[in-house]
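Dear colleague,

Please find below the structure I wished to pass on to you. My notes on its salt bridges and on one helix packing follow it.

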Amino acid sequence: MAGIIIASAHIQDARKLKDVLNRYGYSTCIVCQTMSSALNRVQDYDAGIVICTARLPDGNYADLYNELPERFQMILLSGKREIEIGEDERIVLIRSPFKIQQLMYELEAVVRRLEWSKEPIKRAKKRRSESERQIIESAKLLLMEKKDMSEPEAHRYIQKISMNSGVDVVETAQKIILTY
């Protein structure tokens, strides 16, 4: 899953929300206190969700939303009745006070939309270049030699490390080569 960024001027509330999301299995949450720090963290992901309050010290939700890349969705937590988001599908409004079940329901819906919208991109990705394939093969050969693994075991090992660390397979293979 892509990253989840929680942006709130009230850092303690944001941390509590992060703890709740962690308990529900969302371990890729980052807490930010300002709009600028949230926008900096957005650059770390190709897609994701920003959960934010209406006001931040250096801007508001609309400013943040207008700066978000197309592959990001927003969940706005606000008690203000005058806020209306219109028909935009990339933003969901949850009025405070809210129940955790309501937040989780909306979050799951946003996650499904994000995953569904990624499908065409996954199919359109190009094949690895020859140099990238050689790097992966070199890492597999090193693992086979140094760790006495079979070729499929070495391949799965590289994939697992890559997935657990959130790093591309080629970059993981490069790190393995540098390690040995």
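With which residue does R90 form a salt bridge? The partner is E70, and the closest N and O atoms of the two are 3.6 Å apart. Please bear in mind that this is a predicted model. R90 lies in the loop between β6 (72-78) and β7 (91-95), while E70 is in the loop between α3 (61-67) and β6, so the pair ties together parts that are 20 residues apart in sequence. R90 counts as buried, at 14% relative accessibility, whereas E70, at 62%, counts as exposed.

In total, the structure holds six salt bridges. One of them joins R41 to D44, with 3.0 Å between the closest N and O atoms; R41 is partly exposed at 34% relative accessibility. Another pairs K175 with E171 at 3.8 Å. These two residues are four apart in helix α7, and about one helical turn therefore separates them. Both are partly exposed, K175 with a relative accessible area of 45% and E171 with 37%.

On the α5 side the contact involves E132, I135, I136, S138, A139, L142 and L143, and on the α7 side V169, V170, A173, Q174, I176 and I177. Of these contact residues, 10 are nonpolar, two polar and one charged.

With kind regards

Conventions:
Residues numbered from 1 in each chain as written. Predicted model: local features only at pLDDT ≥ 70, side-chain atom pairs only at ≥ 80, totals over all residues. Heavy atoms only, no water. Contact = heavy atoms within 4.5 Å. Nonpolar A, V, L, I, M, F, W, Y, C, P; charged D, E, K, R; others polar. Salt bridge = Lys/Arg side-chain N within 4 Å of Asp/Glu carboxyl O. Buried < 20%, exposed > 50% of the residue type's maximum accessible area, 1.4 Å probe, protein only.
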